[in-house]
Amino acid sequence: MNPRTFAAAGIALFFASCAAPDSGSATSWKHDEWGHRPGPKGFHTVIIDAGHGGKDPGAISRTTGLKEKDLALDTARRLQRQLSGKARVVMMRKGDSFIELDDRASRASGRDGTILVSIHYNSSSSGIRGPETYYWRVDSHGLATRVQRAMASVSPSESGNRGMVRRRLRLTRNPDVPCILAEIGYLSHPAEARLCADPNYRERMASALARAILDQQAKGDAGTGSLPKPIYAPPSRPTDPPGS
Ligand SMILES: [Zn+2]
């Protein structure tokens, strides 16, 4: 099928799935390459992906000296405990190990009734702060909305709310299940780096993530606004120019 025909078929499928009465129910929730459909309800498994690890430290705070890979794993473990007994949890990494992004995407794929939540801490040279949530798939919009709202409610008001960003990343485009990437805060911002160094703050952020995930599990996309338009773009590759 050429890309145009494929796109047209995909749009037809998208609207058909919106109209289906059981779309989003636990029994119908299959993995899907494009994710051009409403968000999931009743999923049973949450894959928690702690960003970076091993030889890849991610961002390192100049204020606290803490590394993103350690903060992300700590937050992932807190989220795992918060979800205990409420959802099946799969940890992408349990310790300080390095996993290629493409391996993370493929490990998350091919599973029904599953979502992926990737946890990161941010860095920038421009002095900004506040939580951010990345998503790409239409079926991840509701979850991203819930996660961003929940993180913004924990973040101090002066931090602002960096909002949701629709971006084709390897962990937002390539898995064939609903997937989002949560950036808890900016390690490059001194005050926010100190906040992120506080275990109580990370616990509150993990609790916010758990609440958002369980709300999505119980309610699907209800109350998360209208769905974004489907985008037909190829999987993200390491050779892609930044920001594409
Ligand atoms: Zn990161």
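Two strands pair if DSSP finds at least two bridges between them. Strands (E, at least two residues) and helices (H or I, at least four) are DSSP runs, numbered from the N terminus. The model is predicted: local features need pLDDT of at least 70, side-chain atom pairs count only at pLDDT 80 or more, and totals for chains, interfaces and linings use all residues. Residues are numbered from 1 along each chain as its sequence is written.

Strands β1 (residues 45–50) and β2 (residues 88–91) run parallel and are joined by 4 bridges. From β1 the chain crosses through α2 to β2, a right-handed β-α-β crossover (with the strands pointing away from the viewer, the path from the first strand over the helix to the second runs clockwise).

Both strands belong to an open sheet of 6 strands with mixed pairing, in the order β2-β1-β3-β6-β4-β5. Its edge strands, β2 and β5 (163–166), each pair on one side only. Within the sheet, β3 (residues 114–122) and β6 (residues 179–186) run parallel, joined by 6 bridges, and Asn122 stands opposite Tyr186 in β6.

Helix α2 (residues 68–83) packs against helix α7 (residues 199–219) at an angle of about 50°, with axes 8 Å apart. Axes are lines fitted to C-alpha atoms, for helices over the stretch in contact, and angles run from 0 to 180 degrees between N-to-C directions. The angle makes α2 oblique to α7 (under 35 degrees counts as roughly parallel, over 145 as roughly antiparallel, 65 to 115 as roughly perpendicular and the rest as oblique).
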